[in-house]
Amino acid sequence: MTSAILSQALAQVLDPYVLWVIFGSALFGLFVGAVPGLTATMATALLVPVTFFMPPVPAIASIVTATAMAIFAGDIPSCFLRMPGTPASAAYTDEAYAMTKKGQGETALGAGLVFSVIGGLFGTAVLIVAAPALAEVALKFSSYEYFWLVILGLSSAVFLAIGNPLKGVVSLLLGLLVSSVGLDNPAGHPRFTFGNAELAGGLTLIPIMIGMFAVSEILRGVAAIDKPWEMAQAKVGNVFRGMWGLTKKYPLQTLRGSVLGTAIGALPGAGADIAAWMSYAMSKKFSREPEKFGTGHVEGIIEAGASNNSALAGAWIPALVFGIPGDSITAIVIGVLYIKGLNPGPTIFMNNAVALYAIFIVFILANLLMIPLGVAAIKSAKQMLRAPRELLLPVILLFCIVGSFAINNSSFGVLLMLAFGIVGYLMEENGFPVAPAILGMVLGAMLEENFISSMIKADGRLIAFFERPIAGGLGILTLMVLSVPLIKAFFRTSMGVPGGGARQ
Amino acid sequence: MPGQKFGPAWFPGLIAVGLILCGVLLAARSQRDVLVAFPDWIRSARAVTGVVSVVAGLLFYVLAADWLGFYLTALAIQIVWMRVLGASWRLTLPVAVIATVVIHLSFYKLLRIPLPWGIFERFAF
């Protein structure tokens with residue numbers, strides 16, 4: 001990295017228009033994150049049609065900023081309403097609420113903010129260091145390596161999802177099936193088009209994602225419209241009081257949360273929500289006072305709060321280097337990158353270095369901006385949480401309609417959004433995770449292309465998938481990852497312990 | 001595809017095999033004795049009419065927008081949704097009008113999305 005690139009990148013970010021976009025997206029992200037039922041992924045899906053008409057750097061900057069803010073702001077209603085603002089805060093909602101009940105709401109909110117910022121900056125640092133280094137390696141990859149990478153990504157999405165892995169596989173296969181619609185396959189042969197011109201071009205992903213992440217959430221919100229939101233009283237003075245002490249008391253927890261969060265984020269298919277669950281569990285396991293967990297103890301909030309924000313940046317590592325999304329948010333982002341001419345892949349660091357470093361700078365800026373804006377959001381939390389759902393949901397739905405329409409300027413997008421909104425709702429209600437389906441849709445074309453071209457090159461010999469050194473290593477790693485749950489299942493049944501287990 | 005071993009049917013075929021396998025496994029493992037279970041919001045009239053009106057409203061938009069135009073369609077579904085979810089007329093009317101106009105202007109003017117005018121074509125701006 002030369003200083004010329006860096007100064008150019010800095011100039012791109014410090015443009016007044018870009019700064020306004022960042023500021024506006026920050027407010028949008030804070031609101032979406034703080035209102036239960038509106039998620040960070042939904043914010044991203046709704047931003048896409050708006051970003052269509054922006055230059056690349058502000059377009060990506062708006063998504064980076066809005067999601068970082070939303071994941072932090074998800075902690076706010078946990079303290080007031082005992083409801084997570086986004087799924088990423090669900091792991092420690094009860095803990096945060098218990099702290100409010102004990103009169104420590106101020107500390108819970110402050111810890112959420114401070115350790116979100118620390119985690120976010122940590123994840124960003126790893127992204128900046130790891131992405132270019134990985135790209136060096138990835139330059140040597142052929143179709144075999146990409147095939148294994150995609151398989152590895154898809155399997156980690158299935159096995160990291162909460163609940164029944166078999167349902168994760170079904171979800172993934174449905175996603176792959178959706179991706180195979182249309183002409184866009186190695187043979188250029190129309191598949192599942194039924195002679196329909198709208199289907200020939202393949203199913204457009206943005207309306208599908210608006211459906212699965214926004215419309216399905218709205219359906220859930222409408223179904224729960226009769227459940228009142230009860231505000232717990234919390235006096236919020238200076239949220240930074242005692243934070244320095246907590247930083248000194250729990251440095252290991254902060255670091256562990258950030259490291260695990262970044263790693264989970266970087267693994268395809270698992271994002272901030274799973275990172276938070278795992279970090280909270282880890283924090284409890286290694287805590288010196290595990291008995292305090294669940295009674296309003298700040299330790300788990302610190303570790304999981306750092307974890308979910310670091311996951312956000314971690315997810316961009318595979319997204320930028322391989323075009324394999326690390327979470328649902330980057331699954332949407334990859335589409336935006338292609339539209340903006342920032343095609344993900346190892347060459348992005350040569351072809352688009354300036355834009356890329358501008359994105360890195362935005363990451364740092366967004367996390368620093370979180371401090372003042374986060375305090376403002378906490379102070380105005382009561383007003384935000386009083387936003388009437390019966391007015392809010394219809395307006396968001398209209399926004400979804402226009403956004404889905406805008407991608408192809410056709411009503412077919414709205415129909416697609418409705419269909420996948422219902423599918424997404426039914427899947428989640430029945431324990432089928434949505435993330436693997438999204439990953440399947442995004443990676444389906446890449447998987448098929450690399451698989452078919454590898455098979456043609458190898459003339460059908462499967463052993464060719466292991467003949468190149470990196471491909472062989474990745475292949476063996478994939479087979480190991482895939483066999484772990486099978487071995488676990490075998491031991492579970494052979495020892496007479498019933499499989500499955502209650503879903504949280 | 002002639003002369004090619006791995007044609008366009010290969011990949012969907014693999015997916016189909018996978019789905020069948022998972023279906024059989026899930027069915028075998030299933031412990032539920034009821035075929036369809038309803039969620040508990042089915043007992044709330046407001047929730048049920050809400051969910052039905054969301055789906056019906058979106059379908060109505062798809063079918064009617066090109067003919068009635070964006071303004072009329074959007075306004076109609078906004079008002080129905082807000083009323084069904086329990087907002088008062090006093091709040092519904094101004095919010096629905098403002099939301100429709102703001103969303104139309106920002107997408108039609110700022111982002112240049114050709115939202116349909118339908119029968120109001122001659123009033124187009």
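Reply: Happy to; the talk below sets values from this predicted model against the cut-offs behind the words.

Me: Let's start with confidence: how do you know what the predictor makes of chain A?

Reply: Chain A has a mean pLDDT of 87, and 96% of its residues reach 70 or more.

Me: What makes the radius of gyration of chain A agree with that of a compact globule?

Reply: The comparison is with a rule based on chain length: for 504 residues a compact globule would come out near 23 Å, and chain A has 22 Å, so the two agree. The C-alpha trace of chain A spans about 70 × 60 × 55 Å along its principal axes. Chain A has 24 helices and 0 strands. Buried residues make up 60% of chain A. Of its contacts with a separation of 6 or more, 78% join residues 24 or more positions apart.

Me: Why is A:Met99 called buried?

Reply: The cut-off for buried is 20 or more other C-beta atoms within 10 Å. A:Met99 has 25, and therefore counts as buried. This residue lies in helix H6 (residues 93-101) of chain A. Leaving aside neighbours within four places in sequence, A:Met99 is in contact with A:Gln104, A:Gly105, A:Thr107, A:Ala108, A:Gly296 and A:Val298.

Me: Why is A:Val259 called partly exposed?

Reply: Partly exposed is the class between buried, at 20 or more, and exposed, at 12 or fewer. A:Val259 has 19 C-beta neighbours inside 10 Å, so it falls in that class. A:Val259 lies in helix H13 of chain A. Its C-alpha atom is separated by 40 Å from that of A:Asp226, 33 residues apart along the chain.

Me: What makes A:Asn409 count as exposed?

Reply: A:Asn409 has 12 C-beta neighbours inside 10 Å, and because exposed means 12 or fewer, it counts as exposed. A:Asn409 lies in the loop between helix H21 (389-408) and helix H22 (411-429) of chain A. Its phi is positive, about 50°, although A:Asn409 is not a glycine.

Me: How do you know how H13(A) and H15(A) pack?

Reply: Two packed helices are described by the angle between their axes and the distance between the axes. For helix H13 (residues 251-266) and helix H15 (residues 298-314) of chain A, the angle is about 35° and the axes are 6 Å apart. Their crossing is right-handed. Among the residues that meet are A:Gly257, A:Leu260 and A:Gly261 in H13(A), and A:Ile302, A:Ala306 and A:Ser310 in H15(A). By class, the contact has 10 nonpolar, 11 polar and 3 charged residues.

Me: Finally, what makes up the contact of the two chains?

Reply: Chain B gives 45 residues and chain A gives 46 residues. On the side of chain B, the elements that give two or more residues are helix H1 (10-29), helix H2 (45-84) and helix H3 (89-110). H2(B) provides the largest share, 16 residues. Sorted by class, that side of chain B has 36 nonpolar, 6 polar and 3 charged residues.

How values were computed
Residues numbered from 1 in each chain as written. Chains lettered and ligands numbered in written order. Predicted model: local features only at pLDDT ≥ 70, side-chain atom pairs only at ≥ 80, totals over all residues. Contact = placed C-beta atoms within 7 Å. Helix = DSSP H or I, 4+ residues; strand = E, 2+ residues; numbered from the N terminus. Nonpolar A, V, L, I, M, F, W, Y, C, P; charged D, E, K, R; others polar. Rg over C-alpha atoms; globule rule 2.2 N^0.38 Å. Axes fitted to C-alpha atoms, helices over the stretch in contact; angles between N-to-C directions. Left-handed = near helix turned anticlockwise from the far one by under 90°. pLDDT = per-residue confidence, 0-100.
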